[in-house]
Amino acid sequence: MKTEIRSKLRVYIFMALCCDLGLFAKKLISPAANVITEFLHIPGGIATSCSLMFLIIAASMIPAFGCGTLMAIVQSVLALCFGMTGSMGLLAPVGYILPGLTVDMVLFITRKTAKDMSLGIMISSIAASITASLTANFLVFRLTGIVLILYACVSGTSGSICGLLAAQLVKRLKPVILSEKEIQ
């Protein structure tokens, strides 16, 4: 009984840590990412992929459907509390929750079809990054044509890079964070 409680507590602490690390990574990466996006004359998308990477890491390690969405909700509340809403303002939770749903759906499908989680992690990272950029575009930017395509491509590319990094981190963190019973 005590080991089960400790195990659950360890998972919840890991989820909370990933939420915090996602917000911290976004703040840390944004200045460097803005150099690239300003050069391309697009709103952003690179720092968001870094932030989503931590949600994907936790959601891929914890096989409960809804983990990504739950963490996205927590992350959106934290972003509102810390004033890290960016250009979306009070609509920022929508920009967090839709990518969280995307992560959950992609990981749910890939867990059923693929033996290796790396592909699912990569696809969920790309899909969540593009979902975040399209949500921001719909709510705020209203880009059209080639600029919207470039914005989505930059988000997808940064999502793929973060997906590769997330897949490697999951392989290394899974034995450390989860017990033998949870890994199976």
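**Close-up views of a predicted model**

View 1. T110 counts as buried because its relative accessibility is 10%, where buried means under 20% relative accessible area, exposed over 50%, and partly exposed in between (1.4 Å probe, protein chains only). The structure shown is a predicted model, in which local features need pLDDT of at least 70 and side-chain atom pairs count only at pLDDT 80 or more, while totals for chains, interfaces and linings use all residues. Residues are numbered from 1 along each chain as its sequence is written, and side-chain values use heavy atoms, with hydrogens and water left out. T110 belongs to helix 4, which spans residues 92-113; helices here are DSSP runs of H or I with at least four residues, numbered from the N terminus. The side chain of T110 comes to 3.3 Å from the backbone oxygen of L107.

**View 2. The largest nonpolar core and its most connected members.** The largest nonpolar core contains 31 residues, and of these F14, I57, M71 and I121 touch the most other members; such a core is a set of buried Ala, Val, Leu, Ile, Met, Phe, Trp, Tyr and Cys residues joined through side-chain atoms within 4.5 Å. Two or more residues of this core come from each of helix 1 (2-40), helix 2 (46-61), helix 3 (67-82), helix 4, helix 5 (117-141) and helix 6 (145-177). Helix 2 contributes the most to this core, giving 10 residues. Apart from this core lies another one of 13 residues, including L23, I42, A47 and V154.

View 3. When residues up to four places away in sequence are not counted, I121 touches I56, S60, L107, G163, A166, A167 and V170, a contact meaning heavy atoms within 4.5 Å. M117 is found in helix 5 and counts as buried because its relative accessibility is 17%. Leaving aside neighbours within four places in sequence, M117 is in contact with S60, L107 and R111. Along the chain M117 and V170 are 53 residues apart, and their C-alpha atoms are separated by 9.0 Å.

**View 4. S129, a buried serine of helix 5.** S129 has its place in helix 5, and, because its relative accessibility is 3%, S129 counts as buried. Apart from its neighbours within four places in sequence, S129 is in contact with S49, L52, S155 and G159.

**View 5. G22 and D20, two residues of helix 1.** Both G22 and D20 are found in helix 1. G22 is buried, with a relative accessible area of 0%, whereas D20 counts as partly exposed because its relative accessibility is 41%. With residues up to four places away in sequence not counted, G22 touches S51, F54 and Q75. For D20 and S51 the corresponding C-alpha to C-alpha distance is 9.3 Å, with the two residues 31 apart in sequence.

**View 6. R142, in the loop between helix 5 and helix 6.** R142 lies in the loop that runs between helix 5 and helix 6. At 56% relative accessibility, R142 counts as exposed. The backbone of R142 has a positive phi of about 60 degrees, although R142 is not a glycine. Most residues other than glycine have a negative phi.

Definitions and conventions:
A polar contact is a pair of N or O atoms within 3.5 Å; within protein, one must be able to donate a hydrogen and the other to accept it, and residues adjacent in sequence count only if both atoms are side-chain atoms.
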